[in-house]
Amino acid sequence: MLTISLVVVLAGCKSNDKEDSRITILLEDSVNYEFLNRKKASFRFLSEDSLTEEIKFLSDTLFTQFSLKADGDWTELVYSENGQANFSYFVQKGDNVVLKFKNNKPWMVVVNRTTKEYDGNWERLRNQEFYERERTHLEEFEFLWNASLDTLIPVDLSSELRLYKEKAMRELEKERYLLDSLVNNDLLSTVYSEFYKERNQFEKDKLKFFDVDKGAFDVFHATQEFLHDTSFDKHDVYLDEYSDFLLSLLMLQYPTDTRKIIENAQNEYFSQVMIYKFLNRKFQELSFAEIDQIVANESTTLPNEWLRKLVIPFNKKANQVPDMDLKGFGEERLSFQDLLSEKRGYYLYVDLWAAWCLPCIRAFPSVKELQSEYQDKRIQVIYLSVDPNHKFWDQVVQKYDVAIADQSYIVMNLKESEYLNELNMSFIPRYILFDSQGNLIHPNAPRPESREIRVLLDSLISE
């Protein structure tokens, strides 16, 4: 199996690494970086610890090349735009690859060795030359399938789905013969052809679990087949994405049995991968203390490096200084650190809300009830508005009856706050919990109406 580590080389710098195992991807020019940034583009690949890593082209950075250290013979780079996968590209260890663009699509050119015509860019050429369209029938089927599930008004798309499923199967059969033909005509390297044929068979096997008539994917049996198939002897990006897809459905359909379903499988590696992903999702709902306990318990289940990666973002949150500037009533200004100092001795249940967030407003009665229950137990609610519109904040809190002196504030440096950026304010209402010494102990505390928050608070005040 290929293992790689990411080294981003900033513009204007040169790498001194002469190892033959390194793969270097060079952008043709800085304009390409700007294009990738506008497209919210990324490349996914397998890291040296066999977990998927991602290279993003962010607006606050600039680099014209990046390097991957390969311990195997080749690796797959999966290109995505706006979160949607587009093409897979293949590179071998020792390659120097120039990343160009043709018709606004990435094009890989290996400059230090001779390649065959369809090597590396096979998927782009397949769609362009053989299918004469951007998406395959398989991609169209999956798009239609997701659209049929996301619609608010029930629509029967079974006939269309059946048609595209049949087209996808025929196209996959055609592709298998096409790959053999390209190899026989010395247009495609065998190593690439073998990978694509394996993935081709995988896609055909996966299609059978889509029950068009019932409008359901048989996730239980699909997971059983996936985790008990020992022929998956290497970890490719498409298999990693499939494990994500299965896990999402399992947690939705079998919320209490997900862990039991994915452990003790014949394919131990992918069972571990799904356990890792499962824990990563569950950790979003837990306190730091609960996370530490689970990590200790999982020390014999997952590799130490995987466990270390799981806790890195939570350790960062726990140790990060809350760089928030607040405004209270009467133009009172203070930092969040000042607020924590003033409230020393109290556990703080912080309600992150905004005036435009209807679920936030609807939750206010439950927050008030929680405050009333614990008013005399060293627990205090802080209403913290993360609304970018500061102008009418004082009127809004009056309207919703949360204009409480020393408990209601608005963040004035919303865009600049690294703390809030790390917490991800895309999802509110959000509740975070600080202990009596001002330390963050839960970055995503239970909702105010839940039994779980009362159990947690009771455990804290009884210590």
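Axes are lines fitted to C-alpha atoms, for helices over the stretch in contact, and angles run from 0 to 180 degrees between N-to-C directions. The model described here is predicted. In this model, helix 6 spans residues 219-227 and helix 7 spans residues 237-253. The two helices pack at an angle of about 140°. Their axes lie 10 Å apart. The crossing of helix 6 past helix 7 is left-handed.

Both helices supply a defined set of residues to the contact. Helix 6 contributes Val219, Ala222, Thr223 and Phe226. From helix 7 come Leu239, Tyr242, Ser243, Leu246, Leu249, Leu250 and Gln253. By class, the contact of helix 6 with helix 7 holds 8 nonpolar and 3 polar residues. No charged residue takes part in this contact.

Strands of a sheet pair through backbone hydrogen bonds, either parallel or antiparallel. Here 4 strands are arranged in the order 4-3-6-7, and their pairing is antiparallel. Strand 4 (52-56) and strand 7 (84-92) form the edges. Each of these edge strands pairs on one side only. On average, neighbouring strands of the sheet are turned by 25° against each other, direction ignored.

Within the sheet, strand 3 covers residues 42-46 and strand 6 covers residues 74-81. These two strands pair in the antiparallel sense over 3 bridges. Phe43 has Tyr79 of strand 6 as its bridge partner.

Terms used:
Residues are numbered from 1 along each chain as its sequence is written. This is a predicted model: local features need pLDDT of at least 70, side-chain atom pairs count only at pLDDT 80 or more; totals for chains, interfaces and linings use all residues. Side-chain values use heavy atoms; hydrogens and water are left out. Two strands pair if DSSP finds at least two bridges between them. A crossing is left-handed if the near helix is turned anticlockwise from the far one by less than a right angle, and right-handed if clockwise. Contact means heavy atoms within 4.5 Å. Ala, Val, Leu, Ile, Met, Phe, Trp, Tyr, Cys and Pro count as nonpolar, Asp, Glu, Lys and Arg as charged, and the others, Gly among them, as polar.
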